[in-house]
Structure formats: C-alpha cells, structure tokens
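Trainee: Could we go through this model together? I would like to start with the sheets and then turn to the helices.

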Amino acid sequence: MFHIAATTSVGLVREINEDSASVNGQRLLEGHPFEARISLDPIFALVADGMGGHARGEIASDTCLLELEKRAESLLENHDIIPAIRAANRAVYDLATSNPVYRGMGSTLVGVIITEKKCTWFNVGDSRAYLCRSGKLLQLSKDHVPSMTRGMSRSHIISQSLGGAAYYTEVFPSTGSFNITPGDRILLCSDGLTDVLSNKQIEDVVSVEEPSLCVSKLVELVVAGGATDNTTVALLASSEN
C-alpha cells in the first residue's frame, strides 16, 4: 500500500506556475492538493519544472508529461525510461520550432516507476528525487548543473534539460533503481523546494509527518522563506505493514 500526497504552488513572486506533475496520469492542479491510497502496483509519478525565464515554460513541462504518460503502459512493463525521455525531449524541440513564441522553452524532469516493490527513478536537470528510509534522507537523483568550485553560489544554470537550447540537443538522463522496504518514503520535487529548504529541513518534515501534512508543511516553509519560484512536492509513502 502506498499513501501518496502532492501539491503545487505558484509561490509569492511568479505570475504563472510552470511546474507540471502527475500520478498515474492524474494531473496536479494549483489549489487542489492530491491524495490517494494505492493498494496495488503500478505507480508512475512525474514532476516537470518549466524553465524560468524561458518562453512558455508551462507548455514545455506539460509536453514532457504528455509524451511520457502516453507511453506509460510500456514503461510500466519494462522500466525502459530513457527512450521515452528522449522522445519527450524531441517533442519539446519540435513544438519549440513550430512557433516563434515557444522558441527556447525547456523543462526539467524527475519521476519514478514503481512495480512489484521495485522503484526506478530518473531525472534530467535539477528537479530531485529523494528516498527517506529509517528517518534518513538520501538524494537519489543527480543534479545536472555545471561543476562549481568551492565557495561558489548556485547560479540556477543547468547542464541538461528537455528542450531549452537553440538547437536540438540529446539528453542523457540519470537513472537508478532499488527494492522498496516497508516504511520507505519517496519524495519528488521541483527546485522551488530545494532552493529554500536544506536537506535537513526536508528530512525533519518527511521523516515524521503524515504524507498530506508533509507536503503542506513543506510548502508552508517555502512560503515563509519567500517562495520566489514555483514549488511542487509529491510524497509516496510505503505502508509499514
């Protein structure tokens, strides 16, 4: 059994929420927190963050999810996510070249596929996946950002995205998998969360709160910290019995 909760917020500064998210094809909407209990596999959860400062980021993130959702049945059978992500990348570029208004749009992506107690995670860009096990938070995803020397501050430049470049550029997603144990919690989020809260702050909430309270509290903490970006959080909690 998985107890899943998710929410998305435009924040205090942005006019448009460029994040897109879905759980088993059900889209997450601003002002409508998602909650579900799923007793049987499979689960296919996605978070995409339209690139701020680029044209139509919300279109790019939506396009990513649409392309992956229509391939969901195949992905749930074999967990072969990389070709599907590359197809989504192509779809964003094709749309970007079809209309000057869309030129330059791009998106990050993070998600999980869960079947038979196996979790496959994947990401492009700096949206993150975490595993919280026995109260300890571990980042699963890899941040695709330029290398920084000690003392440098985060610039928000990413080294990989779906779309976003002047010309088609192939993506090389990070992926991995693990066997789920009872009590595991998997967190997906856009960088609106991790730019404001430290891993320790996230761990303190995710490790103890009930899932729906968890995602609400995380967003509340982001808002208290200024919420300069859109924030999307999805928590998938495995039952302990």
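Mentor: The discussion below takes the sheets, then the helix contacts, then the aromatic rings.

Trainee: Before that, what should I know about the model and its numbering?

Mentor: This is a predicted model, in which local features need pLDDT of at least 70 and side-chain atom pairs count only at pLDDT 80 or more, while totals for chains, interfaces and linings use all residues. Residues are numbered from 1 along each chain as its sequence is written, and side-chain values use heavy atoms, with hydrogens and water left out.

Trainee: In the open sheet that contains β7 and β8, what is the strand order?

Mentor: The order is β3-β2-β5-β7-β8-β12, an open sheet of 6 strands with antiparallel pairing. Strands are DSSP runs of E with at least two residues, helices are runs of H or I with at least four, and both are numbered from the N terminus. Two strands pair if DSSP finds at least two bridges between them.

Trainee: Which strands stand at the edges?

Mentor: β3 (26-27) and β12 (174-179) do; each has a single partner strand, so one side of each is left without a neighbour in the sheet.

Trainee: And how many bridges join β7 and β8?

Mentor: Strand β7 (residues 109-115) pairs with strand β8 (residues 118-124) over 7 bridges, in the antiparallel sense. T115 has K118 in β8 as its bridge partner.

Trainee: Which helix packs on that sheet?

Mentor: Helix α3 (residues 81-98) does, touching β7, β8 and β12; contact means heavy atoms within 4.5 Å. The direction of α3 makes about 30 degrees with that of β8. Axes are lines fitted to C-alpha atoms, for helices over the stretch in contact, and angles run from 0 to 180 degrees between N-to-C directions.

Trainee: Next sheet, then. What is the order of the one with β1 and β14?

Mentor: This open sheet of 6 strands runs β4-β1-β14-β13-β9-β10, with antiparallel pairing. β4 (34-38) and β10 (136-139) are its edge strands, each pairing on one side only. On average, neighbouring strands of this sheet are turned by 15 degrees against each other, direction ignored.

Trainee: What about the pairing of β1 with β14?

Mentor: Strand β1 (residues 2-9) and strand β14 (residues 231-238) run antiparallel and are joined by 8 bridges. S9 stands opposite T231 in β14. Helix α6 (residues 211-224) packs on this sheet, touching β1, β4, β13 (185-189) and β14, and its direction makes about 155 degrees with that of β14.

Trainee: How many residues lie between the strands in the hairpin of β9 and β10?

Mentor: There are 2 residues between them, and S134 takes a positive phi near 55 degrees in that hairpin. Strand β9 (residues 128-133) is joined to β10 by 4 bridges, the two running antiparallel, with Y130 opposite Q139 in β10.

Trainee: On to helix packing. At what angle do α5 and α6 pack?

Mentor: Helix α5 (residues 199-206) packs with α6 at an angle of about 150 degrees, their axes 9 Å apart. α5 and α6 are therefore roughly antiparallel; the classes are roughly parallel under 35 degrees, roughly antiparallel over 145, roughly perpendicular from 65 to 115, and oblique for the rest. I202, V205 and V206 in α5 meet C214, K217, L218 and L221 in α6.

Trainee: How do α1 and α3 cross?

Mentor: The axes of helix α1 (residues 57-69) and α3 come within 9 Å and cross at roughly 140 degrees. These two helices, α1 and α3, are therefore oblique to each other.

Trainee: Last topic: how many aromatic pairs does a search of the whole structure find?

Mentor: The search finds 1. The rings of Y93 and Y168 have centres 5.2 Å apart and planes at 65 degrees, so the pair is edge-to-face. Rings of Phe, Tyr and Trp (its six-membered ring) pair if their centres lie within 6.5 Å; planes under 30 degrees apart count as stacked, over 60 as edge-to-face and the rest as tilted. Y93 lies in helix α3 and Y168 in the loop between β11 (162-163) and β12, 75 residues apart, so that the pair links distant parts of the chain.
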